[in-house]
Amino acid sequence: MPMDKDNLFWVEIPIDEEEEDVHMQTEDVHMQTEDDEAYWQQVQEEYEENEGQLLPASLCPPAHDDSWPGFVLLDLQAYFSDRRNATTATCEIRGGKGRIIHVTFCTAAPPLVSYFCVHHTGSLKLSHFAAEPEIVASEGGLALLRVPIGDEAASYDPKISEYFVYHAGLVGQGPTLTQLPHPGAYPLLEEDTTILRHCPNRHRDRGLALGHHGASDYHDCSHCKYTIANLSPGTTRQSYQLMLLRSDTMAWSCETILTDKKTAGPYRSSTNTITIGGKHGTVGWVDLWRGILFCDLLAADGRRTLRYVPLPPPLVENMCVPVLPSDVPGENKGFKMGTPRVHRDIVVVNGFIKCVDLQAREVPGSSTYDGGYTADGWSAALWSIKITASFSQKWKLDRELDSTEMCGSLPKLKVDAGMAQPTMQRLHIGQPTMSLEGDDMVYFLSKVDHRDDDRNGWVLAVDTAKKTLQGVAEFGCERTLGLGLVYTASRISEYLKVTQGTGGTQKRLGVPLPGSPAKKQHGISTDMADVKLPSWVHETSKDPEIDYRRL
């Protein structure tokens, strides 16, 4: 399928532009178009060789100016793009075949969703990836990445996944990308893997003398170490297998740990993790419907146990959720509880564990056989518990909010021609994500229809204390499955700011960036809605034989 280079960019030449500027602009666009034509031709050839293993949308990262807020909403799936900036880190994959991988972070303030790009050079090709690389865990300036290289049919086979730790870098130093020893038969998944940072030296953070990291410490020095922990069910109901990798030894170890009988509870399976830190290196594996299993990772080998702390009950017990079946064994019948990440989130902020519970309503009798329904608003509850050594305090209900109490209305949203403007009550809403800045903001993923994967959705920024909508950002839904998990809150942007002193120029093939010779005010659009991609990308995305909603 031939490339249509006329569709790469559109150009408007202002009639009052000086002749020299017009000539320079036209020449810049011509040179970039030629480069892009060769780039997209190579991408097309590799994509066709890949036989649709990757989503076409994964070749087209969104366009926004990089900024460095205190935290970001970070897309868990990578985009494939040769974008370079001061956050770019490079690693040659083991095996001696000259396979080189580059990782770059592109961040923006919420409600915009930040993301990371992966690029391949040397003998590594796009067709070698079985699926999009993904973020397994992030903590401070660290991110654990999973990169599946091999056949699509085996994309979740632990044997073909390689794991890397991205480190944002120290003051005056650039970021690094380190390949980890392979964990063997144990897959490292987002829901059951965490990172703990710890430092053997005493240091000062915000004027306080600290010996170990907490969940919001900005400290990062050459003495800091990290431990990666993965928890999986053991041979009995109260036993678990704990896999550990320490950065100072770069070797995996495995031990069986038991749940403390005094605190045993109805914990089933982990949906996500939290990091408390402190001198014991406490982390938690969370069953968002039930409770948390806490473990002190810095305890001596053989001395670790799991302590159970229950979570607040859901707003509505045994709710009927038509979005996705439950992932809890024995509770699939009748779509009872629903996938928890659609409804709940949990974070650690300023010495508290905070939890949000969302209940989306539907008009009675509006459900259809294919999962459709008419939304009828939503309600949310926010809880918190103070972090103590014993976790003996009770959960406190901080506030409740109903969509009918929201002040103001939605701004005009970009929808299909002839479609009525959606209202807050009629939007399908899910995946509440709490702010990591200690404020009252909660971010919601919303769509006109939760099944949409061919039109944009939106991320809504809601101030739950003031009951106001603080912002709305478009979000491409081509890589989503219903309202399930697609991004997570991360503090990595706070550490990426440090690396900006190392220099570097942003580069992104296919889309001119601010600061490049072709600026938006010169007539080149930097909005992905205005950039016309190669026709084969759009045509491939309509292939009915490929499920482009898979995560």
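Reply: Start with one pair. Strand E10 (residues 193–198) and strand E13 (residues 225–233) run antiparallel and are joined by six bridges. Strands are DSSP runs (E, at least two residues), helices are runs of H or I with at least four residues, and both are numbered from the N terminus. Two strands pair if DSSP finds at least two bridges between them.

Me: What kind of model is this, and how are residues numbered?

Reply: This is a predicted model, where local features need pLDDT of at least 70, side-chain atom pairs count only at pLDDT 80 or more, and totals for chains, interfaces and linings use all residues. Residues are numbered from 1 along each chain as its sequence is written, and side-chain values use heavy atoms, with hydrogens and water left out.

Me: What holds paired strands together?

Reply: Strands of a sheet pair through backbone hydrogen bonds, either parallel or antiparallel.

Me: Is E10 buried or exposed?

Reply: Buried means under 20% relative accessible area, exposed over 50%, and partly exposed in between (1.4 Å probe, protein chains only). In E10, six of its six residues are buried. Thr-193, Ile-195 and Arg-197 point one way, while Thr-194, Leu-196 and His-198 point the other way.

Me: Which residues cover the two faces of E20?

Reply: Look at strand E20 (residues 344–349), where six of its six residues are buried. One side has Arg-344, Ile-346 and Val-348; the other has Asp-345, Val-347 and Val-349.

Me: Which strand does E20 pair with, and in what sense?

Reply: E20 pairs with strand E21 (residues 352–362), antiparallel, over six bridges. Arg-344 stands opposite Asp-357 in E21. The two strands form a hairpin with two residues between them. In that turn, Asn-350 has a positive phi of about 50°.

Me: What is the order of strands in the open sheet?

Reply: Four strands form it, in the order E16-E17-E18-E19, with antiparallel pairing. Strands E16 (272–277) and E19 (307–310) are the edges: each pairs on one side only. E16 and strand E17 (residues 282–287) share five bridges, and Gly-277 has Thr-282 in E17 as its bridge partner.

Me: How many helices and strands does the chain have?

Reply: Count four helices and 28 strands. Of its 551 residues, 55% are buried. Now try contacts, meaning heavy atoms within 4.5 Å. Among contacts with a separation of 6 or more, 59% join residues 24 or more positions apart.
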